Amino acid sequence: MTHTVLIADDEPNIVVSLEFLLKREGHRVLIARDGAEALAMIRAERPRLVLLDAMMPGLSGFDLCETLRSDPELAGTRIVMLTARSREADQARAMGAGADAFVAKPFSTRDLAARIRGLLA
């Protein structure tokens, strides 16, 4: 089953890797380079899942996650928070903001694909 997935990340290499992975899994892929663009795309396109970089210019991934969870129309959007900062405090902050999952960069594409499949099942 094809789902729409938004990649919200400002790192081009990560975007290319994630886009390849998601398209290989059969998903429709949208790309946003910052938090404000991601929020606009989520409101317009209603993706099933967002792969969300925690640290983006402007609106951070943490702030965007909280915004989505506080909006009844968008609260059901699945969110995987991605970050190069993998301390327990960062993971707790992501989960406290409402993320469904937390993945530290660099990540295993095999593990991430399995996690995505689980969240979309």
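This is a predicted model: local features need pLDDT of at least 70, side-chain atom pairs count only at pLDDT 80 or more; totals for chains, interfaces and linings use all residues.
**Strand 3**

I started with strand 3, residues 49-53, and checked how covered it is. Five of its five residues are buried. Next I asked which residues sit on which side of the strand.

Then I looked up what strand 3 pairs with. Strand 1 (residues 4-8) pairs with strand 3 in the parallel sense, over four bridges. I picked out I7 there and found L51 as its bridge partner in strand 3. Strand 4 (residues 78-83) also runs parallel to strand 3, and five bridges join the two. In that pairing, D53 stands opposite L82 of strand 4. I followed the chain from strand 3 to strand 4: it passes through helix 3 (residues 61-70), and this β-α-β crossover is right-handed.

**Helix 3**

Which residues of helix 3 are buried? I listed G61, F62, L64, C65 and L68. Looking down the axis of helix 3, I see its buried residues within an arc of 165 degrees, so they line one face of the helix. The spacing rule I keep in mind is that an α-helix has 3.6 residues a turn, so residues three or four places apart point the same way. I also checked what these buried residues pack against: helix 2 (35-45), strand 3, strand 4 and helix 4 (88-97).

**The cores**

The largest nonpolar core has 22 residues, and L52 and M81 touch the most other members. Strands 1, 2 (28-32), 3 and 4 and helices 2, 3 and 4 each supply at least two residues of this core. Helix 3 gives the most, with four residues.

**H3**

Last entry: H3, which is in the segment before strand 1. Is H3 buried or exposed? Its relative accessible area is 14%, and the cut-off for buried is under 20%, so I put H3 down as buried. Leaving aside neighbours within four places in sequence, I found H3 in contact with H27, R28, R48 and L120.

Conventions
Residues are numbered from 1 along each chain as its sequence is written. Side-chain values use heavy atoms; hydrogens and water are left out. Buried means under 20% relative accessible area, exposed over 50%, partly exposed in between (1.4 Å probe, protein chains only). Two strands pair if DSSP finds at least two bridges between them. A crossover is right-handed if, with the strands pointing away from the viewer, the path from the first strand over the helix to the second runs clockwise. Contact means heavy atoms within 4.5 Å. The arc is that of the directions from the helix axis to the C-beta atoms. A nonpolar core is a set of buried Ala, Val, Leu, Ile, Met, Phe, Trp, Tyr and Cys residues joined through side-chain atoms within 4.5 Å.
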